Amino acid sequence: MAAGSAASQGADVILLEKNEKLGRKLYITGKGRCNVTNNTDIAGLMSQTLTNPRFLNSAFYAMDATDLMDFFEKQGVPLKTERGGRVFPVSDKSSDIITGLMNFLNANNVKIKLGSQVHEIIQVNDTFQVRTHAEHITADAVIIATGGLSYPGTGSTGDGFTFAKALGHRITPTSPSLVPITTAESWVSALEGLSLRNVKVTAKNDSDSTIYEETGEMMFTHTGVTGPIILRTSAFFTSGITAIHIDLKPALSHDQLDKRILRDFADTKNKNFANALGNLLPKRLINTIIDLSKISPDKKINIITKEERQSLVTLLKQLTLTPTGTTGYKEAVITKGGVSVHEVNPSTMMSKKVPHLFFAGEVLDVDAMTGGYNLQIAFSTGWLAGQKAAMMKSQQENVKQI
């Protein structure tokens, strides 16, 4: 987006891509469907941006969600809006988004060099030397749009942080975000692959204060938990989450759930406890809940005490997990942290320390929730950086002519 934006303003642009094809990371976004943005206004985009939202004000005004959707429609990529405002290509193919961007590059005569990994960017007077394994390229302006550290197999290996640091920029500490969470409890491995819908997750800190809370869908993994509400919870992991409580029946209060269990028990009073939860829980979850309840699976329903039943209700309303970490960058949707925005002009995306050095996308210390917001940030900052880089090049030429 940055390359095409600059070229559309008449700049002579070279796009250096370390991979052998464009858009490898874009290809896997949204499980291959590419949730390209969220159909909301600028206030909506800002509200879902977790880190430094005000920094993105100019970028969102330069290209908001409506502008981005219009852009892709003009590139021949029809879009659709789904639940939660999430925008996808009608085809459900991320490759169509990549094709639209390639059409944009080609239409504006961007020179694309694949397999060109940049090793070093050096400032030489008023220009830059961009060095790859094969050549040294002199440039009047450079836009660093290398992504972060997430999904390193797609080429995001933190190169941009290295370049920025070498050029004098401070890097805010980075961490994986929107990522599965690992837990201390060994029983989760038996539930691997089990999805739970309409459950409420509450993340707490050491002081038992709520850090984040949401109702939706989650899934157990061999080492912990994942799924939409867990990924969003992980965005607050660095805030000190020490416990995750799962309410398996959020639509029922404690008393309502107790009455529901009493009714179920009344219908199965001559059965064993192990056979009394079939109408209440997914089959795969029953044995785990029985084990955690400390009620013997062979105990007859009609002799379960009130205290035991109340304990069961509490367990179902507050199934507790102890987070130990995350699965890391290899499974993280985004990278939290990056180039400090205090050293970047939000109106232009240009460095405050190095003239004509620009930044765009995940390399910056900005991040948002799931739902298309992070791609919108990438495209908005890329568009603005490209526009301003080309404009400053043009102004520079005018000064020389004068």
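**Note on the predicted model**

1. Just after helix H7, Gly168 adopts a positive phi of about 100°. The model under review is a predicted one, and the points below should be read accordingly.

2. Helix H7 covers residues 159–166, and its buried residues are Asp159, Gly160, Phe161, Phe163 and Ala164. These buried residues pack against several strands: S7 (118–124), S10 (142–144), S11 (171–177), S19 (334–339) and S20 (357–359).

3. Lys25 lies in helix H2, which spans residues 24–28. Is this lysine, Lys25, buried or exposed? Its relative accessibility is 17%, and because buried means under 20%, Lys25 counts as buried.

4. The surroundings of Lys25 deserve a separate remark. When neighbours within four places in sequence are left aside, Lys25 is in contact with Ser150, Tyr151, Thr154, Ser156, Val333 and Glu362. With one of these residues, Ser156, the contact includes a polar one between the two side chains, at 3.5 Å.

5. Strands of a sheet pair through backbone hydrogen bonds, either parallel or antiparallel. In this model, seven strands form an open sheet in the order S17-S16-S13-S14-S15-S12-S18, and the pairing is antiparallel. Which strands stand at the edges? They are S17 (319–321) and S18 (323–326); each has a single partner strand, so one side of each is left without a neighbour in the sheet. On average, neighbouring strands of this sheet are turned by 40° against each other, direction ignored.

6. Within the sheet, the pairing of S13 (residues 195–204) with S16 (residues 243–247) may be followed in detail. The two strands pair in the antiparallel sense over five bridges. Val201 stands opposite Ile246 in S16. Helix H11 (residues 306–317) packs on the sheet, where it touches S16 and S17. The direction of H11 makes about 110° with that of S16.

7. Helix H11 also has a helical partner. Two packed helices are described by the angle between their axes and the distance between the axes. For H10 (residues 283–293) and H11, the angle is about 125° and the axes are 10 Å apart. This angle makes H10 oblique to H11. The crossing in which H10 passes H11 is right-handed.

8. Which residues of H10 and H11 meet? From H10 come Ile289, Leu292 and Ser293, and from H11 come Leu312, Leu315 and Leu316.

How values were computed:
Residues are numbered from 1 along each chain as its sequence is written. This is a predicted model: local features need pLDDT of at least 70, side-chain atom pairs count only at pLDDT 80 or more; totals for chains, interfaces and linings use all residues. Side-chain values use heavy atoms; hydrogens and water are left out. Helices (H or I, at least four residues) and strands (E, at least two) are DSSP runs, numbered from the N terminus. Buried means under 20% relative accessible area, exposed over 50%, partly exposed in between (1.4 Å probe, protein chains only). A polar contact is a pair of N or O atoms within 3.5 Å; within protein, one must be able to donate a hydrogen and the other to accept it, and residues adjacent in sequence count only if both atoms are side-chain atoms. Contact means heavy atoms within 4.5 Å. Two strands pair if DSSP finds at least two bridges between them. Axes are lines fitted to C-alpha atoms, for helices over the stretch in contact, and angles run from 0 to 180 degrees between N-to-C directions. Angles under 35 degrees count as roughly parallel, over 145 as roughly antiparallel, 65 to 115 as roughly perpendicular and the rest as oblique. A crossing is left-handed if the near helix is turned anticlockwise from the far one by less than a right angle, and right-handed if clockwise.
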